[in-house]
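The report below goes through a single protein chain, from its overall composition down to individual strands and residues. Please keep the model open while reading.

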Amino acid sequence: MREYTIAKQPMQKEDIKFLRIFFDNGDFIAISKKEIQNFEVNLYDKLVPWDDDLYPVAESGFLILSLNTNEHFIYNDVFVCDLKNYNTDRKAYIENRICNESITRICTFNEDNWHKSFLVNTTAKKVKNTLIINFIPLPIRQPCNGSQHSICLTEVKKSITNSIYLDFENCEGFTIYQNEIVDMQIVTETELVWSSHDFCRQIKNGYIVWRPDKEIIWRDVNAWFMIFHKSATIQNLKKRLLPNKRINKHNICRLYINYNYAGFELSRRECIEVNDIRDQSVLQKLERLEEEENIPNDSYIGGYCEKQYDGTILITFGKNAKKYLNRQPL
């Protein structure tokens with residue numbers, strides 16, 4: 001088990017374009033920037049797993065809203081169990097739910113639509129035309145004044161892995177299963193990263209040796225060739241990694257690890273970032289060319305794939321991705 005850390009990031013009212021408030025039954029409502037009168041939050045040092053990611057928890061703070069009955073903004077999406085009442089009087093509906101039900105999570109979005117989320121325990125009251133939501137501390141006192149978030153997590157190992165969804169940069173992807181993984185070595189950075197998700201681990205170096213099992217017919221696959229085929233063949237999956245060569249660069253940008261957890265149907269999934277293996281100077285140059293000269297930069301190199309002599313496929317990650325190539329099979 002290792003401790004992972006990341007510097008705390010300030011969350012300020014000025015940075016919020018809109019936010020979503022989630023209730024304990026999974027419903028959520030959206031709040032526009034102009035409805036937010038004031039906002040302040042102090043976060044505990046410790047992170048907790050939630051969905052695929054790692055979330056901070058509010059120790060104290062408040063959110064003061066001045067709601068409108070008919071608020072129109074581009075991201076005014078909603079997922080509620082009583083949409084009729086919401087549409088009849090949005091303001092009254094939101095005030096009633098926030099004052100009388102449990103809020104579990106608040107997700108704030110900036111001008112680039114990147115989000116930061118935190119978990120909450122709340123109390124709320126209506127004062128004249130405003131709604132005051134207070135963030136209250138956990139019953140067990142925990143550190144909250146540090147400059148970093150931290151969490152202790154187990155190492156990623158084949159023995160505790162049920163399956164891995166390989167997520168490609170172009171939003172394609174497919175799942176490989178434990179019995180197909182001949183060998184796996186994943187080393188993660190001790191520093192967490194804030195990405196398009198919330199906080200998560202990132203790969204420093206590593207590899208997966210995959211021997212496809214043609215008997216698996218329930219595989220989760222999202223790829224271009226599914227437009228033409230009812231099912232994904234092993235040949236198509238191999239082609240996605242190795243189009244026409246024995247060694248090929250891949251654009252896998254994330255691994256979604258499904259762990260063997262607490263029994264049947266009790267699963268835990270974790271998103272782990274796969275960084276582009278090129279130097280930052282190269283990536284910054286490509287970004288500059290895209291911005292200044294409109295030269296598209298749609299490439300992503302997460303590592304390499306190599307067809308092994310025993311029929312397995314080696315998938316490598318990290319700055320040492322090339323060093324794993326020409327590896328002798330087990």
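Predicted model: local features only at pLDDT ≥ 70, side-chain atom pairs only at ≥ 80, totals over all residues.

Residues are numbered from 1 along each chain as its sequence is written, and side-chain values use heavy atoms, with hydrogens and water left out.

## The chain as a whole

The secondary structure of the protein chain comes to four helices and 24 strands, where helices (H or I, at least four residues) and strands (E, at least two) are DSSP runs numbered from the N terminus. Taken along the principal axes, the C-alpha atoms fill a box of roughly 75 × 50 × 45 Å. Of the 330 residues in the protein chain, 47% are buried; buried means under 20% relative accessible area, exposed means over 50%, and partly exposed lies in between, with a 1.4 Å probe and protein chains only.

Among the contacts with a separation of 6 or more, 67% are between residues 24 or more positions apart, a contact being heavy atoms within 4.5 Å. The protein chain exposes about 17,800 Å², of which carbon and sulfur atoms supply 49%; accessible areas come from the Shrake-Rupley method with a 1.4 Å probe, and for residues only the protein chains shown count as cover. There are 43 positive and 45 negative side chains, and the centres of the two sets lie 4 Å apart. In this count Lys and Arg are positive and Asp and Glu negative, with His and the chain ends not counted, and the place of a charge is NZ of Lys, CZ of Arg, CG of Asp or CD of Glu.

## Cysteines

With a disulfide taken as a pair of cysteine sulfur atoms within 2.5 Å, the count comes to zero. The sulfur of Cys-152 is too far for a bond, because the closest cysteine sulfur, in Cys-200, is 17 Å away. Cys-200 is likewise in no disulfide, the nearest cysteine sulfur being that of Cys-271 at 4.7 Å. Cys-152 counts as partly exposed at 44% relative accessibility, whereas Cys-200 is buried with a relative accessible area of 1%.

Strand β15 (residues 173-177) is mostly covered, with five of its five residues buried. Gly-173, Thr-175 and Tyr-177 point one way from the strand and Phe-174 and Ile-176 the other way. Two strands pair if DSSP finds at least two bridges between them, and β15 has pairings of this kind with β14 and with β19.

| Strand pair | Bridges | Sense |
|---|---|---|
| β14 (residues 161-168) and β15 | Five bridges | antiparallel |
| β15 and β19 (residues 221-222) | Two bridges | antiparallel |
| β3 (residues 28-32) and β8 | Two bridges | antiparallel |

On β19, Val-221 stands opposite Phe-174.

## A five-strand open sheet

The pair β3 and β8 belongs to an open sheet of five strands with antiparallel pairing, in the order β8-β3-β2-β9-β10. β8 (78-79) and β10 (115-119) stand at the edges, each with a single partner strand, so one side of each is left without a neighbour in the sheet. Ile-29 has Val-78 in β8 as its bridge partner.

## Two buried strand residues

Leu-65 is found in strand β7 (residues 58-65) and is buried, with a relative accessible area of 0%. Not counting residues up to four places away in sequence, Leu-65 touches several residues, including Ile-21, Ile-31, Ile-98 and Leu-131. Thr-316, in strand β24 (residues 313-318), counts as buried at 0% relative accessibility. Leaving aside neighbours within four places in sequence, its contacts include Tyr-207, His-250, Tyr-304 and Leu-325.

## Two loop residues with positive phi

Most residues other than glycine have a negative phi. Asp-51, in the loop between β5 (48-50) and β6 (53-55), has a positive phi near 55° and counts as exposed at 55% relative accessibility. Lys-128, in the loop between β11 (122-127) and β12 (130-135), has a positive phi near 55° and counts as exposed at 80% relative accessibility.
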